[in-house]
Amino acid sequence: MEISRGKFLIGATAALLIPGAEQADARSKIISKLPASKTKRFAWTIDDGISSSAVASYLDIAEKGVHHLTLFVTSGYDSWRTHSKQIARLLEAGSIQLGNHTVRHKDLTTLSSQQVKNELMGCHNFLLDEFGYDARPYFRPPYGISNAKVRSAAAEIGYTVPTMWYGSFGDNFGVSDDRIVQFAKKWIADGRIIIDHSNKLKSQRALIQIQQIMKSRGLQSVTLTEAFGPNFK
Ligand SMILES: [Zn+2]
């Protein structure tokens with residue numbers, strides 16, 4: 001699923017109606033693919049964290065050091081506290097990156113600019129307090145929904161990179177593990193940002209199959225910062 005450009009064009013038009021938003025929206029860099037590289041790589045990004053055991057299964061994958069993962073944290077879920085020691089260690093090792101996925105996972109387009117900032121800052125401050133970690137500039141709007149007003153509010157507090165995706169494992173729709181593996185086969189490819197979720201524990205068999213697909217295609221997952229560099233914002 002390549003992101004519809006039409007949606008963002010509508011967003012850009014709407015920016016004209018909001019004082020100051022046009023400039024802030026111009027500051028936002030919406031991404032769904034990685035920059036070109038001679039190395040074959042993609043970004044495995046995992047959202048939410050409703051299931052503590054699912055979060056643990058991804059941390060275990062990161063422990064192996066083959067795939068570097070980007071976890072988009074919804075800080076209202078306990079998993080991030082439950083596994084805080086392991087997360088801190090993996091951050092230190094450079095095996096994971098954390099992105100901001102708000103506190104309560106609301107559709108940000110239904111909120112005021114101040115409420116958007118509160119949702120992002122609540123998660124931001126949690127990551128700072130718990131891990132001494134600054135997730136800027138990467139945030140993922142819940143459900144992938146944003147508009148110029150949302151992006152403007154986010155940019156004002158340093159969240160200038162709304163992180164979308166080029167393909168999904170489709171696992172947030174309650175589909176079977178076999179179907180998830182089919183989605184993985186379909187979407188995993190060089191240069192893509194892939195979205196996955198830690199809301200329900202996948203079988204070990206499915207997680208192994210997904211990693212075998214990556215291996216057979218000669219692909220390693222890198223974090224967003226590894227792909228875009230430390231000065232991207
Ligand atoms: Zn989400």
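## An enclosed helix and its neighbour

In this predicted model, helix α7, which spans residues 148-156, has eight of its nine residues buried, so the helix is largely enclosed by the rest of the structure. The residues concerned are Ala148, Lys149, Val150, Arg151, Ser152, Ala153, Ala154 and Ala155. Just after α7 comes Gly158, whose phi is positive, at about 95°.

Helix α6, made up of residues 113-131, is a contact partner of α7: the axes of the two helices come within 9 Å and cross at roughly 55°. In handedness, the crossing in which α6 passes α7 is right-handed.

The contact itself joins Ser113, Val116, Lys117 and Leu120 on the α6 side to Lys149, Val150, Ala153 and Ala154 on the α7 side. Sorted by class, the residues of this contact comprise five that are nonpolar, one that is polar and two that are charged. Lys149, Val150, Ala153 and Ala154, which meet α6, are also listed among the buried residues of α7.

## The chain as a whole

The chain holds ten helices and eight strands, and of its 233 residues 43% are buried. Among contacts with a separation of 6 or more, 79% are between residues 24 or more positions apart. As for confidence, the pLDDT averages 91 over the chain, and 90% of the residues score at least 70. Residues 1-19, however, have a pLDDT below 50, and in the model this stretch has 20 contacts beyond near neighbours in sequence.

The chain-level values can be set side by side as follows.

| Property of the chain | Value |
|---|---|
| Buried residues | 43% of the 233 residues |
| Contacts (separation of 6 or more) between residues 24 or more positions apart | 79% of contacts |
| Residues with a pLDDT of at least 70 | 90% of the residues |

Although Gly218 and Thr39 are separated by 179 residues in sequence, their C-alpha atoms are 9.8 Å apart in space.

Notes. Residues are numbered from 1 along each chain as its sequence is written. This is a predicted model: local features need pLDDT of at least 70, side-chain atom pairs count only at pLDDT 80 or more; totals for chains, interfaces and linings use all residues. A residue is buried if 20 or more other C-beta atoms lie within 10 Å of its own, exposed if 12 or fewer, and partly exposed in between; C-beta atoms are placed from the backbone. Helices (H or I, at least four residues) and strands (E, at least two) are DSSP runs, numbered from the N terminus. Axes are lines fitted to C-alpha atoms, for helices over the stretch in contact, and angles run from 0 to 180 degrees between N-to-C directions. A crossing is left-handed if the near helix is turned anticlockwise from the far one by less than a right angle, and right-handed if clockwise. Two residues are in contact if their C-beta atoms, placed from the backbone, lie within 7 Å. Ala, Val, Leu, Ile, Met, Phe, Trp, Tyr, Cys and Pro count as nonpolar, Asp, Glu, Lys and Arg as charged, and the others, Gly among them, as polar. pLDDT is the predictor's confidence in each residue, from 0 to 100.
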